[in-house]
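Reader: Could you walk me through how to read the features of this model?
Author: Gladly; let's look at it together.

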Amino acid sequence: MSETIAKKQRQAAYKMVKIQLAIAVIIGLFGLLLSQQIALSLLVGGLIVVVANFIFATIVFRKSGAQATGEVKKHFAMGESLKLLLTIVLLAAVFTLLPVHPAALLIGYILIVLSQWFAPWVVKPSY
């Protein structure tokens, strides 16, 4: 039973990551109306969130069930820590290595983070 619930929650988390990826691509395409640099910046800003969320979901949903409560808590803390660290590293790398427009990159990043607020209406795991 708990494996089934965890599997559905994992699928819902991955569905949200896919939706975020689609939104990031769409935002990047809209950026092409302004310039290639802004489009790249919007896309990369969104992709930073998508990659971090994918890693988080992968780590968090490794274990499930009442017997694995300690493991679940450990994986959640590890996933959240890695997500934060990965976000910092990716932001620093992008600002250093790519010719991005800083404001557009942060707008892309923020828009994808805000998309998580609407997850309960878009992604509903069935139990």
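Author: The secondary structure of this protein comes to 5 helices and 0 strands, where helices (H or I, at least four residues) and strands (E, at least two) are DSSP runs numbered from the N terminus. From the N terminus on, the order of elements is α-α-α-α-α. This is a predicted model, in which local features need pLDDT of at least 70 and side-chain atom pairs count only at pLDDT 80 or more, while totals for chains, interfaces and linings use all residues. Residues are numbered from 1 along each chain as its sequence is written, and side-chain values use heavy atoms, with hydrogens and water left out.

Reader: How do I read burial, and what percentage of the 127 residues count as buried?
Author: Buried means under 20% relative accessible area, exposed means over 50%, and partly exposed is in between (1.4 Å probe, protein chains only). Of the 127 residues, 34% count as buried.

Reader: Is S41 buried or exposed?
Author: S41 is buried because its relative accessible area is 0%. S41 lies in helix α2, and its C-alpha atom is separated by 5.5 Å from that of A104, 63 residues apart along the chain.

Reader: And where does A52 lie?
Author: Helix α2 also holds A52. With a relative accessible area of 1%, A52 is buried. Between A52 and L90 there are 9.2 Å in space, C-alpha to C-alpha, and 38 residues in sequence.

Reader: Why does E71 count as partly exposed?
Author: Because its relative accessibility is 32%, E71 falls in the partly exposed class. E71 is found in helix α3 (residues 69-97).

Reader: Which residues lie nearest its centre?
Author: Of the 16 lining residues, A12, A13, M16, F56 and A119 lie nearest the centre. Helices α1 (2-31) and α2 (36-60) each supply at least two residues of the lining, and α1 gives the largest share, 6 residues. By class, the lining has 11 nonpolar, 4 polar and 1 charged residues. Ala, Val, Leu, Ile, Met, Phe, Trp, Tyr, Cys and Pro count as nonpolar, Asp, Glu, Lys and Arg as charged, and the others, Gly among them, as polar.

Reader: Finally, which element contains L114, and how accessible is L114?
Author: L114 sits in helix α4. At 30% relative accessibility, L114 counts as partly exposed.

Conventions
1 Å grid on protein atoms, 1.4 Å probe; cavity = no way out; pocket = protein on both sides within 12 Å on 5 of 7 lines; lining within 4 Å.
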